[in-house]
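Biologist: I would like to learn how to read a protein model. Could we go through it feature by feature?

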Amino acid sequence: MAAISAFTLSSQGRTMAPGPTADKPANYGDFGPPQGAPVKAVLTSPPFVPPATNRKAPAKVIVELDVVEKEMEISEGVTYTFWTFGGTVPGSFIRVRQGDTVEFHLRNMPDSKMPHNIDLHGVTGPGGGAASSFTAPGHQSQFTFKALNAGLYVYHCATAPVGMHVANGMYGLILIEPPEGMPKVDREYYVMQGDFYTAGKYHDKGHQAFDMEKAIAEHPTYVLFNGREGALTNDKALQAKVGETVRLYVGNGGPNLVSSFHVIGEIFDKVWYEGGKHYQENVQTTLIPAGGAAMMDFRLQVPGSYVLVDHSIFRAFNKGALAILKTDGADDKAIYSGKEVDEVYLGDKATGVPSTAAIGTAATAAARGNVTREERIAAGKVLFNGTCSTCHQPDGKGLPGVFPPLAGSDYISADVKRLADIMIHGLQGKVTVNGKEYDSLMPPMSQLTDDEIANIGTYVLNSWGNPGGEITREDARMARAAVKPANTGSAH
């Protein structure tokens, strides 16, 4: 019996498309010449997806895509010059039908500094179109291809040095629907991972340049969804409701890293692995290679904030590869009993409050040299909730017998400057705080910048009955340069 494409299956029992025949091999995809008037493709910016084509016959589809070089935030208070398709990272989502004839127009904006082209992995032809689309600033190129193979495909710039163009954000996704279309779902979203290589380290503020040596060594500063840390958190989190089905179109632009894509608290009902026609069921984590993609469907059954991560987990919590799918609706205690634990993973990122703006405000003021204590406190609160509250708790009371309290701490009051030392170098062994002994391990938080150390320390000093005062950038710098201080084991 001939094989049937998994794309033809639908939860609604739709009739399956005919299988391949001897004179029409599987995935050949040439359904004849275009019919009807030309269609201008609807392109969408991430995380949104164009509507289904809903066509029964192939068409001539005109795609117009602009190359835009622009400075944008890569993290709060950190800017980077991205090279983009359509002004966003990832680039505009393109959706066509198998058998369509695609007339592709690539325009490179006049203020660009570099020539660019496009390699679409869904194109059959030299360079995936790259050979026909080299475009200088202020120029436009055009080529035509037939979309022969259904699937989800990456596109990217392939101008030398290719790795640099991709690392600067020049990638996106093109969906080539099968003739019968994709199975219907309630919501579709576009998420794409990329690794970024900046001259400064993670969270160093100000404008950051591309670092070729880091890129060649495959040591990214940031690993991000949709081109910015926090692009899909807080008020920008993806949205859904209990009972709805969600499809994620997930790509990996690379240029270097493989993604171990996972949604915490959900199991994918179906994963069209590597963006092809076959799917696997009941999948926890799926690998997406650099330059590859996958589609995944799942139904939301209980409310809450679901966390999208690269399960190479330090990338999620220390390089930025983290997003939120916020789901509203009624509880179902038979499936899940409850108890929200978002603070453990995310701090304020799941609340829907865009509070991270305080970090950028403090960073801008620090760069001018006039940051106030109040600005440090506001930024420190956000950073504390995302970095320290798991162990020390949002109210600073710690966990009895495990993590010492920061609230009303005589250990801090005895020497307020030790806060910077402890955050940078960590603390191990017995300490006595407010008359009680603790013996636990605080790992070094050396990934924090001097300003972040100053902000968190100042927030702690001015909270929960502590003596007040300020930790400065210079305090953090001196602590970082010093030998790890000895643990005195008591408040004095």
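**Strands, charges and helices**

Modeller: Start with one pair of residues. Lys270 stands opposite Glu281 in strand S17. Keep in mind that this is a predicted model.

Biologist: How do S16 and S17 pair, parallel or antiparallel?

Modeller: Strand S16 covers residues 268-272, and it pairs with S17 in the antiparallel sense over 3 bridges.

Biologist: What is the strand order of the sheet that holds them?

Modeller: The order is S12-S10-S14-S19-S16-S17. This is an open sheet of 6 strands with mixed pairing.

Biologist: Which strands stand at the edges?

Modeller: S12 (222-225) and S17 (280-283) do. Each has a single partner strand, so one side of each lacks a neighbour in the sheet. Ignoring direction, neighbouring strands here are turned by 25° against each other on average.

Biologist: Let us turn to another strand. Which partners does S2 have?

Modeller: S1 and S2 run parallel, joined by 2 bridges. There, Val39 stands opposite Val61 in S2. S2 also pairs with strand S5 (residues 101-108) in the parallel sense, over 8 bridges. In S5, Thr101 is the bridge partner of Lys60. S2 and S3 run antiparallel, and 8 bridges join them. Here Ser75 has Val78 in S3 as its bridge partner.

Biologist: How many residues lie between the strands in the hairpin of S2 and S3?

Modeller: There are 2. In this hairpin, Gly77 takes a positive phi near 80°.

Biologist: Now the charges. How should I think about a salt bridge?

Modeller: Side chains of opposite charge can pair when their charged atoms come close. A search of the whole structure finds 21 salt bridges. One of them joins the side chains of Lys40 and Glu64, at 3.2 Å from N to O. Lys40 lies in S1 (residues 39-40) and Glu64 in S2 (residues 60-75), so the pair ties together parts 24 residues apart in sequence.

Biologist: Where in the chain do Glu76 and Arg228 lie?

Modeller: Their salt bridge has its closest N and O atoms 3.5 Å apart. Glu76 is in the loop between S2 and strand S3 (78-85). Arg228 is in the loop between S12 and strand S13 (238-241). The two are 152 residues apart. Both Glu76 and Arg228 are buried.

Biologist: What about Glu188 and Arg247?

Modeller: Their side chains meet in a salt bridge, 3.1 Å from N to O. Glu188 is in strand S10 (residues 187-196) and Arg247 in strand S14 (residues 245-254), 59 residues apart. Glu188 counts as partly exposed at 22% relative accessibility. Arg247 is buried, with a relative accessible area of 0%.

Biologist: Last topic: helices. How do I describe a packed pair?

Modeller: Two packed helices are described by the angle between their axes and the distance between the axes. Helix H6 (residues 373-387) and helix H10 (residues 450-461) pack at about 95°, with axes 7 Å apart. H6 and H10 are therefore roughly perpendicular to each other. Residues making the contact include Ile377 and Phe384 of H6, and Ile456 and Tyr459 of H10. The contact residues divide into 8 nonpolar, 3 polar and 5 charged.

Technical notes:
Residues numbered from 1 in each chain as written. Predicted model: local features only at pLDDT ≥ 70, side-chain atom pairs only at ≥ 80, totals over all residues. Heavy atoms only, no water. Axes fitted to C-alpha atoms, helices over the stretch in contact; angles between N-to-C directions. Helix = DSSP H or I, 4+ residues; strand = E, 2+ residues; numbered from the N terminus. Parallel < 35°, antiparallel > 145°, perpendicular 65-115°, else oblique. Contact = heavy atoms within 4.5 Å. Nonpolar A, V, L, I, M, F, W, Y, C, P; charged D, E, K, R; others polar. Pairing = 2+ DSSP bridges. Salt bridge = Lys/Arg side-chain N within 4 Å of Asp/Glu carboxyl O. Buried < 20%, exposed > 50% of the residue type's maximum accessible area, 1.4 Å probe, protein only.
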